[in-house]
Each structure stands twice: as structure tokens, then as C-alpha cells.
Amino acid sequence: MIALLQPARLYIGNILNHYDFASLSLKSGLRNNLSSLGYEHMTAVQAQALPRILDGVDLIAQAKTGSGKTVAFGLGLLQKLDVKRFAVQSVVLCPTRELADQVARELRKLARGVHNVKVLTLCGGMPFGPQIGSLEHGAHIVVGTPGRVEEHLRKGNLKLENLSMLVLDEADRMLEMGFQATLDAIVEKMPKQRQTLLFSATYPDEIRAISKRVMNKPELLQIKEQHSASTIAQSFFHVKDNTERAEAVARLLLEHRPDSAVVFCNTRRDTEEVAAGLRDYNLNVVALHGELDQRARDQALVCFANKSISILVATDVAARGLDIEELDMVINYHIARDAEVHTHRIGRTGRAGAKGMACSLFGDRETQKIERLAEYGQLQIRPAELPSPAVLSAPGYKPAMACIQLDSGKKQKIRPGDILGALTRDDGVAGKDVGKIHIFDNCAYVAVRRNVADQALRTLTAGKLKGRSVRVRKIR
Ligand code: ADP
Ligand code: MG
């Protein structure tokens, strides 16, 4: 983690002051504790967000995973906290119990220099009764998942009239998980006079929409980090003709066996041909192009996002709005029409500090485009060698997850927690084997580890969701 934060420190060079925690007006207890935690300098998002947060403004901060967002809001809410007033003064909402636990741990560490700060977690999947007891004992800060926090609010266990700060952490994921209505219900029970902070790794339209509803004249902070040569390894491969081109894609995929890869094509026809060609090698692939109907498109994107499909073959237009973290590999079937599009394509890999791989195929007719790319990206492009053709006889590989579709969704008031609960009841599957859950109006998708897919189907078929039985099927 620390290594990841290094570049920001190198880059700051002569403006170190600005990145020093000492430049902030923090309570001395909070500040002194920071160096004992080994936090010497602020990360980029902390340096830019903290002064604004301490000023009391509503802030939307978009920064990639691992950039230090927890410390940014943690210091903000601890600074604002009045320990003598024993009432819930801030609420932090997180998409999952694991993340809530992580945030609560970090807050407790940050609060070590302040006496008697009480942090309480309220998460689904945990016994309800003891949480009521803890709430009766009182707390300063509540960290929880939306469903459970809403339930305590609705039942009157949690009172928020002293609340002065709300933090939505990983807001994009909360929305993806279908928590929008729950968030609205929670916010409705909060004082209007409060500071609201929203943290997110991405900034889709849904975030813009919810920020309009729950925030007051929010400022937007986007920390865009340059993709450096060290996080994206770019390779270029020369091919003679289209037969070689199609085979080259298969060789790259069978050699590297990525969990999530996108093959970019310049035309819709290419996407279909490439996808069909890859299926012949027993690869798990779906083509995405502008002529798919909405349903098929949603389904393809869901399956790719929940890792039940490893390879997406797409045109640039179709891939717009695709926001997948942890893409292992991008393959350019042809070189993109212009250098900017190329940069955009390869920027989808190597996210979150993970190592990404970008492979581009080019023929004799594309040398001009290659020259322009080299100039645009200040690159030296030398063709690399493709993996040996021997990999073509390797068996194809299957994705880690399988995707199950349920015939109920938002309209039937199904929430992610309902599906998770139905899957993990007594004779069901383990929580760790359940992946992403996506909920649409009239259907839902849940990913489970491939080896427990049949058990998951049986459990869902035998059980009930919101009191009624559901029809389920495994996708493909
Ligand atoms: P994010 O929420 O942006 O994904 P986190 O808040 O989880 O990131 O922080 C990532 C890691 O960086 C954590 O292990 C945290 O302890 C560490 N970290 C945060 N701020 C600093 C800092 N100023 N100096 C060194 N490490 C830090
Ligand atoms: Mg975080």
C-alpha cells in the first residue's frame, strides 16, 4: 500500500508544505497520533479534500482505490466531533460489512489521540438485538451498511437529531448494489443542516443525480492520476492478415488467461467474427455492439462485471459506460482510428494500481497509425513476439464465477440483502462464494463461485424471496 502512495510524494517535491498534515488546523491529539501511525505526508486526495472538508463544505471526491480516502473523511469527522456530547454526530455508510469494518477500524486508529470516542458498526448479516443494546449505550460515530442503518432508523433505535456529518463511502458501489432508495430513506430522517461527503472511485451519472438530492451545493474534486508506463505494459504485435490477427488474439488470451479482458474492434462485424473465432478455442466470450437490444446489453455487462464472463469483444461506442475495475488486459484487434481513442482504451486496464496489460495488433496498412501513436504517447514502438502457437492447443479456461438470473427485481422490492440471505441460509452456500449482485426492475443477477452454482440454484429454487418463490436459471 505504501509503495502505491510513493508517486504522490515524489511528485510533490517543492510543495511539500501543502502535503504536510501540520498545514491543517487539527486538534493536537489527532495530529500527534498521525506520525505514530506512520502517516507522514498527505496523499493527493487528502491534501486536496481535507482543507475543504475542514471548512465545512459538501464535497464529492473521486479518487481511485487505495488513495487514502478513509483518512480524508476520518480526520474531517473526528475534528468536527464534540466528544462531550454523547450522541450520534456522524454516520458513515459503506456498501458491505467488510468495508464498514475496515472503515471503523481505521477511525478507531485515527481517534486514539482523542479520549473516549465511541465508534459503532451497524451491519446487515449481524444479529440485530445486540445492536439495539449498543445503540442504547450510545455512540458518537455510526459506520454501517444502508439496509441495517435504515432498519434501526425506521424502528426508532437510532436517533439522528444531533447528526452533523454524513459520509457516503464507495458511493458508486452502493448504487450499483441497488441501495439508492434505502439511501434516500436514510437521508430523509437526517437534519437538513449537516455536512455531506461523498467518496467514489468513479463518477457516473447516478452519482451526479444522488448528489443533487442529498447534498448542498457540493464541490467536486477529481483526482486523476496519469497512467504511468509502469502500471500499463504496452506491447505491439505485427500480423500479416486477418487470419493471423484472429489467431493472435487467441494466443494472447490462452497464454495470459485473464479473468477480465476487453478486445476492442473498430467495427461491429469484427466483434462478431472475433467472438465466434474465440469460442472455437473454448473461451468464454461475449460480443458487445450497438445493435444489441438493451436487455442483452445489460446482461452482457452484468456477466462481465461479476466475472462470469472473462472476455468482452466490443466496439468503442458499445464499451462506453463500461466501468470495470481490475481489468487485467486490453487487446486492440486493430489500432484505434486515432491516438486519443487508443489511450482511452488502454487506460481501462491497470486501474487501482494493479498491473495492466495492453496488447495491440497491427498490419502493414496501419504503420501510419503506429507512427502517430508513437508521437502522441512519446513511445518507442518495437514489435514484440507473440506467444508460441503451441498455446492454441491448451484447453480454454472458465471464469471464476457463474451467473444466476432471478425473475424478480426492484418492482418486487427485492434488495441485495434478500438474495444474499436466501442463498446463504442453513443448507445454502457460504457468503464468501457469493459475488456481485445486480438488481433491475423485473429481474436480478447474482454471481456465485462456479463450483457451488448448482447448490445455489437448488437453494434458491427451494427457498422463498420476500415470501414468494422465484424462478431462477443459470445464464448459458
Ligand atoms: P481508499 O479508501 O481511497 O481506497 P484507504 O483509505 O483504504 O484508500 O487507504 C489505503 C491505505 O493507505 C491504507 O492502508 C491507509 O492506512 C494508507 N494511508 C492512508 N493515508 C496515508 C498517508 N497519508 N500516508 C501513508 N499511508 C496512508
Ligand atoms: Mg475506501
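The structure holds two cavities of 30 Å³ or more. The model described here is predicted.

**The second largest cavity.** The space inside the second largest cavity comes to about 40 Å³. Its lining is formed by Ile-335, Ala-336, Arg-337, Asp-338, Ala-339, Lys-369, Arg-372 and Leu-373. Helix 16 (residues 367–376) supplies the largest share of this lining, namely three residues.

Attention now turns to Glu-106 and Leu-197, whose places in the secondary structure are listed below.

| Residue | Element | Residues of the element |
|---|---|---|
| Glu-106 | helix 5 | residues 97–110 |
| Leu-197 | strand 6 | residues 195–200 |

Glu-106 is buried but has no salt bridge. The nearest side chain of opposite charge belongs to Lys-109, at a distance of 4.3 Å, whereas a salt bridge requires a side-chain nitrogen of Lys or Arg within 4 Å of a carboxyl oxygen of Asp or Glu. Not counting residues up to four places away in sequence, Glu-106 touches Tyr-39, Thr-70 and Val-71.

Leu-197 has a relative accessible area of 0% and is therefore buried, the cut-off being under 20%. Leaving aside residues up to four places away in sequence, Leu-197 is in contact with Ile-53, Val-57, Leu-59, Phe-73, Met-165, Leu-166, Val-167, Leu-168 and Met-215. Between the C-alpha atoms of Leu-197 and Val-91 there is a separation of 11 Å, and these residues stand 106 residues apart along the chain.

Notes: Residues are numbered from 1 along each chain as its sequence is written. Chains are lettered from A and ligands numbered from 1 in the order in which they are written. This is a predicted model: local features need pLDDT of at least 70, side-chain atom pairs count only at pLDDT 80 or more; totals for chains, interfaces and linings use all residues. Side-chain values use heavy atoms; hydrogens and water are left out. On a 1 Å grid over the protein atoms alone, a cavity is a set of points where a 1.4 Å probe fits but cannot get out, and a pocket is an open set with protein on both sides within 12 Å along at least five of seven lines; lining residues have an atom within 4 Å of a point. Grid points are joined across faces, edges and corners, and a volume is the space filled by probe spheres set on the points. Helices (H or I, at least four residues) and strands (E, at least two) are DSSP runs, numbered from the N terminus. Buried means under 20% relative accessible area, exposed over 50%, partly exposed in between (1.4 Å probe, protein chains only). Lys and Arg count as positive and Asp and Glu as negative; His and the chain ends are not counted. Contact means heavy atoms within 4.5 Å.
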